[in-house]
Amino acid sequence: MYENMVDVLIYLYENYMDGESQPPVDQSDLEDELSEAGFSKTEIDKALLWLDELAVGVDAPQSHDHATGSLRLYCEIECAKLDLEARGLLLFLEQSGILDPASRELAIDRLLAIDHPLVTVDEVKWVVLLVLMNRPGREDAFTQMEDMVYNEEPVYLH
């Protein structure tokens with residue numbers, strides 16, 4: 001049995017969000033399918049809420065006015081959840097043009113919503129992929145991120 005909400009998100013992405021097949025229309029049918037796949041009700045509920053909150057974040061007006069070349073500073077709570085490697089990956093993705101400031105902020109928000117104390121670099125990659133998939137105009141960045149997610153090599157050098 002899977003016990004991680006991110007595993008539910010990965011399952012949904014790999015089975016439905018790639019555009020080849022559609023999830024069940026009725027949410028209870030989707031929940032039943034996820035349960036049959038080995039996910040607990042708690043993790044299913046968390047993942048579906050997480051996706052709902054992502055949709056709200058994508059639709060929210062972006063009021064961030066970021067100057068070119070500005071640097072994102074992380075607060076203590078963010079640093080506790082996103083270790084140096086995770087923050088370094090986010091910086092790399094932004095400097096590479098994969099993340100724009102609004103997508104970065106949405107990714108950070110969704111990473112902080114994961115219910116365990118420290119997120120992994122793989123979880124950062126998946127969350128960024130899901131954020132970019134839902135951001136209009138970020139199709140090229142999404143494709144680059146998808147390549148990174150499925151690539152076994154490290155995405156950057158330390």
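**Exercises on aromatic contacts and a surface patch**

In this predicted model, ring pairs link Y13, W126, F142 and Y150 into a cluster. Local features here require pLDDT of at least 70 and side-chain atom pairs pLDDT 80 or more, while totals for chains, interfaces and linings use all residues. Residues are numbered from 1 along each chain as its sequence is written, and side-chain values use heavy atoms, without hydrogens and water.

**Exercise 1.** Determine how the rings of Y11 and F39 are arranged, and which parts the pair ties together.

*Solution.* Step 1: rings of Phe, Tyr and Trp (its six-membered ring) pair if their centres lie within 6.5 Å, with planes under 30 degrees apart counted as stacked, over 60 as edge-to-face and the rest as tilted; a search of the whole structure finds 4 aromatic pairs.
Step 1: the centres of the Y11 and F39 rings are 5.4 Å apart and their planes stand at 70 degrees, so this pair is edge-to-face.
Step 2: Y11 belongs to helix α1 (residues 5-17) and F39 to the loop between α2 (27-36) and α3 (41-59), so the pair ties together parts that are 28 residues apart in sequence; helices are DSSP runs of H or I with at least four residues, numbered from the N terminus.

Methods. Helices (H or I, at least four residues) and strands (E, at least two) are DSSP runs, numbered from the N terminus.
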